[in-house]
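This report goes through the secondary structure, the sheets, the nonpolar cores and the DNA-facing surfaces of the model shown here.

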There are 2 protein chains.
Amino acid sequence: MSGKILIVEDELKLAELLADYLRKGGFEPLHVADGLGAVPMVRDEKPDLVLLDLMLPGKDGMDICKEIRNFSNVPIIMVTARVEEIDRLIGLELGADDYICKPFSPREVVARVKAVLRRSGAATIQDQGLTLDEARFNASLHGVSLELTAVEFKLLQILASSPGRIYSRSQLMDRIYPDERIVSDRTIDSHIKKLRKKIAEAAPGEELIHSIYSVGYKYEVETQP
Amino acid sequence: MSGKILIVEDELKLAELLADYLRKGGFEPLHVADGLGAVPMVRDEKPDLVLLDLMLPGKDGMDICKEIRNFSNVPIIMVTARVEEIDRLIGLELGADDYICKPFSPREVVARVKAVLRRSGAATIQDQGLTLDEARFNASLHGVSLELTAVEFKLLQILASSPGRIYSRSQLMDRIYPDERIVSDRTIDSHIKKLRKKIAEAAPGEELIHSIYSVGYKYEVETQP
DNA sequence: ACAGAGCTGTCAGAATTTTTTCCGCAAAGG
DNA sequence: CCTTTGCGGAAAAAATTCTGACAGCTCTGT
């Protein structure tokens, strides 16, 4: 298990300590000290995980978290000073993957990083009859290959990574295109249409992609009562 | 889909304490005291998350974890006695989603549960039998989905965010429309009407939205004398 | 380099769903 | 008793999604 870990932390000593332990744990730590640099850093370096301090100069950790979530599913672990803050954070539904309270032992941090990476780093998605194998670039439903194109695969991957969660068109576009390309909203519709068609051919009658009027799209398997 | 949590824990006092906190956090706790009953319980009850103590009579927590993983992807949080054990656990790659060390504060547990659950679905507002999940854009009452439209959802969200508080029609409109759009006051009535209808269909006889003559509307659960 | 095939992004109109308005009647308040 | 306010049904208006066609692009094999 290895991976680039971006540490967003203004206390240099702490950051170095963390980096040190992470390196010993087989990771490749990166560091940025202020909030402003964090988002571009995520964009450019594409780390495998972000350790994000909540208290930062320049920009609030919560805002950074939300911004990152607009274009990336990279796992985020929030670091906060007080236990009580965790409840509040969770209430806000920021989309972080875990929370750690100061003071912490660096070994605990490494353990958490491993835990989060293991559960989100899965290269394949399996849900009901659907299998998405990223390495093989292969999507199949009930054993039938879907023969998706690149965009379609990515789209399905994003949607299926969180069944039930709704993605707006702009969120989908942000994630499909790493560059900030401007494409029409209807483009998403078009790909959705093709995706649905291929799914329908592979498993007639099975609706996996649902549109929510004025909100976006979601992936979810129909559950018959 | 509100949040069934299965607690696998042999210390009854601890289990009850946890159950209590989880209930307050809006979850529906289930409990099983021995390892043997855990796996069938997961099969039958299909909980949304499992809190699994590592030290159990009858069967080892690690074995249970592996068994569950054979047929289910339900999120599992392991509870262990010592910090040092975590590293070992992680090395074993059991497939648990998180680890908590004893002694822990119940509120920390609830926080972790929420954090882990959010991946598969997050509840933002919970009040009595009502659940509003923004990420899934799903509102449910006593487990029955309300199938709301965008405006209806927003409206209910505003009202339910402060039970008992009265909102005037113009306040509601201001919050529903980010732009300063001009619509008739009666529009709100219309949405309220539909909201009530859907609520009535989901839970007959339950009145959640009340009108205050010449003032506005409020959300409040009836309390029987 | 060229042709052909398949992939992407755009567009306009049809289809669908939601939002808003309208109207009459009943209920509430003074 | 009279005016204002709330409610239900239904239709008009608006917004959103779906669909099929199409042009430009990329990739592949020749």
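## Chain A overall

Chain A contains eight helices and 12 strands. The model is a predicted one. Of the 225 residues in chain A, 32% are buried. Among the contacts in chain A with a separation of 6 or more, 58% join residues 24 or more positions apart.

## The parallel sheet of chain A

Five strands of chain A make up an open sheet with parallel pairing, in the order S2-S1-S3-S4-S5. Its edges are strand S2 (28-32) and strand S5 (98-101) of chain A, each of which pairs on one side only. On average, neighbouring strands of this sheet are turned by 20° against each other, direction ignored. Strands of a sheet pair through backbone hydrogen bonds, either parallel or antiparallel.

Helix H1 (residues 12-24) of chain A lies across strand S1 (4-8), S2 and strand S3 (49-53) of chain A, and runs at about 165° to S2(A). Helix H3 (residues 61-69) of chain A lies across S3 and S4 of chain A, at about 155° to S3(A).

Ala15(A) is a residue of helix H1 of chain A. Leaving out residues up to four places away in sequence, Ala15(A) touches Ile7(A), Glu9(A) and His31(A). Between Ala15(A) and Pro29(A) the C-alpha to C-alpha distance is 9.6 Å, at a sequence separation of 14 residues.

## Strands S1 and S2 of chain B

In chain B, strand S1 (residues 4-8) is mostly covered, with four of its five residues buried. S1(B) pairs with strand S2 (residues 28-32) of chain B in the parallel sense, over five bridges. Leu6(B) is placed opposite Leu30(B) in S2(B).

## The antiparallel sheet of chain B

Chain B also has an open sheet of three strands, ordered S10-S12-S11, with antiparallel pairing. Strand S10 (166-167) and strand S11 (209-212) of chain B are the edge strands, each pairing on one side only. S10(B) is joined to strand S12 (residues 216-219) of chain B by two bridges in the antiparallel sense. One of the bridge pairs consists of Ile166(B) and its partner in S12(B), Lys218(B). H6(B) packs on this sheet and touches S10, S11 and S12 of chain B, with its direction making about 75° with that of S12(B).

In soluble globular proteins, nonpolar side chains tend to be buried together. The largest nonpolar core here has 66 residues, and those with the most contacts inside it are Leu51(A), Leu52(A), Ile77(A), Leu51(B) and Leu52(B). The element that gives the most to this core is helix H5 (residues 106-118) of chain B, with seven residues. A second, separate core has 39 residues, including Leu132(A), Leu146(B), Leu159(B) and Ile199(B).

Which residues is Leu52(A) in contact with, leaving aside its neighbours within four places in sequence? They are Val8(A), Gly61(A), Ile64(A), Cys65(A), Ile76(A), Ile77(A), Met78(A) and Val79(A). Ile77(A), in this list, is also among the residues with the most contacts inside the largest core.

## Surfaces near the DNA strands

DNA strand C has 20 residues around it, and Thr149(A), Ser184(A), Thr149(B), Val151(B) and Ser184(B) come nearest. At least two residues of this surface come from each of helix H6 (150-161) and H8 of chain A, and from each of helix H6 (150-161) and H8 of chain B. By class, the surface near DNA strand C has eight nonpolar, eight polar and four charged residues.

DNA strand D is surrounded by 16 residues, the closest being Ser211(A), Ser214(A), Lys193(B), Ser211(B) and Ser214(B). The elements giving two or more residues to this surface are helix H8 (185-202) of chain A and helix H8 (186-202) of chain B. The surface near DNA strand D divides into four nonpolar, six polar and six charged residues.

Terms used:
Residues numbered from 1 in each chain as written. Chains lettered and ligands numbered in written order. Predicted model: local features only at pLDDT ≥ 70, side-chain atom pairs only at ≥ 80, totals over all residues. Near = placed C-beta within 6 Å. Nonpolar A, V, L, I, M, F, W, Y, C, P; charged D, E, K, R; others polar. Pairing = 2+ DSSP bridges. Axes fitted to C-alpha atoms, helices over the stretch in contact; angles between N-to-C directions. Contact = placed C-beta atoms within 7 Å. Core = buried A, V, L, I, M, F, W, Y, C linked by C-beta atoms within 7 Å. Buried ≥ 20, exposed ≤ 12 C-beta atoms within 10 Å, placed from the backbone.
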